[in-house]
Amino acid sequence: MKTQYGVLMHDENPDCWVTREHAFRSAQNVARSKGYAIALHGSQIKDVDLVAVPWTDTAVKTPPHTLAALIAYSLPGALELDKDGEAGTDKPHGRIGFTIRPYVTFGADHWYVDLSVMPVIDTPEDGGTHG
């Protein structure tokens, strides 16, 4: 088995189909366990647009790339990599965007997860210890 950002990934031919609802609920469960909240946005036609927002103090312990890899694992699916073998694209306001391709989707279309992870920011109350 291969790993992505320290997360052991499934084989590419799992015995399950991934629906958009399943993708959203899987992302919610993983994110909640790591201190993030997941918001759903967009039309949900060609992709599932998700935003992960740091929600608790525990979010500082899970870097964006690891969160994205854990969500990909939960589907199961894989992070789309660039030509250098890296995942993630810098977006406005400090977001990092990830494309997650489920291994097997339900339906005739080939949708994907478009995940944006918001950064953990320093606040005066915490002494600026989050990055």
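Ala68 counts as buried, at 0% relative accessibility. The residue is found in helix 2 of a predicted model. The protein has 131 residues, of which 36% count as buried. Its secondary structure comes to 2 helices and 8 strands, arranged along the sequence as β-β-α-β-β-α-β-β-β-β.

**Ala68 and its surroundings**

- Leaving out residues up to four places away in sequence, Ala68 touches Leu79, Phe98, Ile100 and Leu115.
- Thr99 lies 31 residues from Ala68 along the chain, and the C-alpha atoms of the two are separated by 8.8 Å.
- Pairs of this kind can be set beside the contacts of the whole protein: among those with a separation of 6 or more, 57% are between residues 24 or more positions apart.

**Nonpolar core**

- The largest nonpolar core has 27 residues, and the members that touch the most other members are Ile38, Val113 and Leu115.
- Two or more residues of this core come from each of helix 1, strand 3, strand 4, helix 2, strand 7 and strand 8.
- Leu115 touches Ala68, and its other partners are Ile38, Leu50, Ala52, Ile71, Ile96, Gly97, Phe98 and Ile100, again not counting residues up to four places away in sequence.
- In soluble globular proteins, nonpolar side chains tend to be buried together.

**Helix 1**

- Helix 1 covers residues 20-33, which makes 14 residues.
- From first C-alpha to last, helix 1 reaches 20 Å, close to the 20 Å expected at 1.5 Å a residue.
- Its buried residues are Ala23, Phe24, Ser26, Ala27, Gln28, Val30 and Ala31.
- Strand 3 (36-41), strand 4 (47-54), helix 2 (64-74) and strand 8 are among the elements that cover these buried residues.
- Ser26 lies in helix 1 and has a relative accessible area of 10%, so it is buried, the cut-off being under 20%.
- Apart from neighbours within four places in sequence, Ser26 is in contact with Ser74 and Leu75.
- Gly35 follows helix 1 and has a positive phi, near 90°.

**Loops and backbone geometry**

- The peptide bond from Leu75 to Pro76 is cis, with omega near 0°.
- Pro76 is placed in the loop between helix 2 and strand 5 (77-79).
- Gln44 is not a glycine, yet its phi is positive, at about 65°.
- The loop between strand 3 and strand 4 holds Gln44.
- His93 is likewise not a glycine and has a positive phi of about 65°.
- His93 belongs to the loop between strand 6 (89-90) and strand 7.
- With a relative accessible area of 72%, His93 is exposed, because exposed means over 50%.
- Gly94 is also found in the loop between strand 6 and strand 7.
- Gly94 counts as partly exposed, at 42% relative accessibility, because this value falls between the 20% and 50% cut-offs.
- Leaving aside neighbours within four places in sequence, Gly94 is in contact with Val117 and Pro119.
- Val120 is 26 residues from Gly94 in sequence, and the two are 9.2 Å apart in space, C-alpha to C-alpha.

**Largest pocket**

- The largest pocket holds about 200 Å³ of space.
- Its lining has 14 residues, and those nearest the pocket centre are Gly88, Thr89, Gly97, Phe98 and Thr99.
- Strand 7 (96-102) and strand 8 (112-117) are the elements that give two or more residues to the lining.
- Strand 7 provides the largest share, 3 residues.
- By class, the lining has 6 charged, 5 polar and 3 nonpolar residues.
- Phe98 lines this pocket and is also a contact of Ala68 and of Leu115.
- Gly97, another of the residues nearest the pocket centre, is touched by Leu115.
- Thr99, also nearest the centre, is the residue whose C-alpha is separated from that of Ala68 by 8.8 Å.

Key. Residues are numbered from 1 along each chain as its sequence is written. This is a predicted model: local features need pLDDT of at least 70, side-chain atom pairs count only at pLDDT 80 or more; totals for chains, interfaces and linings use all residues. Side-chain values use heavy atoms; hydrogens and water are left out. On a 1 Å grid over the protein atoms alone, a cavity is a set of points where a 1.4 Å probe fits but cannot get out, and a pocket is an open set with protein on both sides within 12 Å along at least five of seven lines; lining residues have an atom within 4 Å of a point. Grid points are joined across faces, edges and corners, and a volume is the space filled by probe spheres set on the points. Helices (H or I, at least four residues) and strands (E, at least two) are DSSP runs, numbered from the N terminus. Ala, Val, Leu, Ile, Met, Phe, Trp, Tyr, Cys and Pro count as nonpolar, Asp, Glu, Lys and Arg as charged, and the others, Gly among them, as polar. The expected span of a helix is 1.5 Å times one less than its number of residues. Buried means under 20% relative accessible area, exposed over 50%, partly exposed in between (1.4 Å probe, protein chains only). Contact means heavy atoms within 4.5 Å. A nonpolar core is a set of buried Ala, Val, Leu, Ile, Met, Phe, Trp, Tyr and Cys residues joined through side-chain atoms within 4.5 Å.
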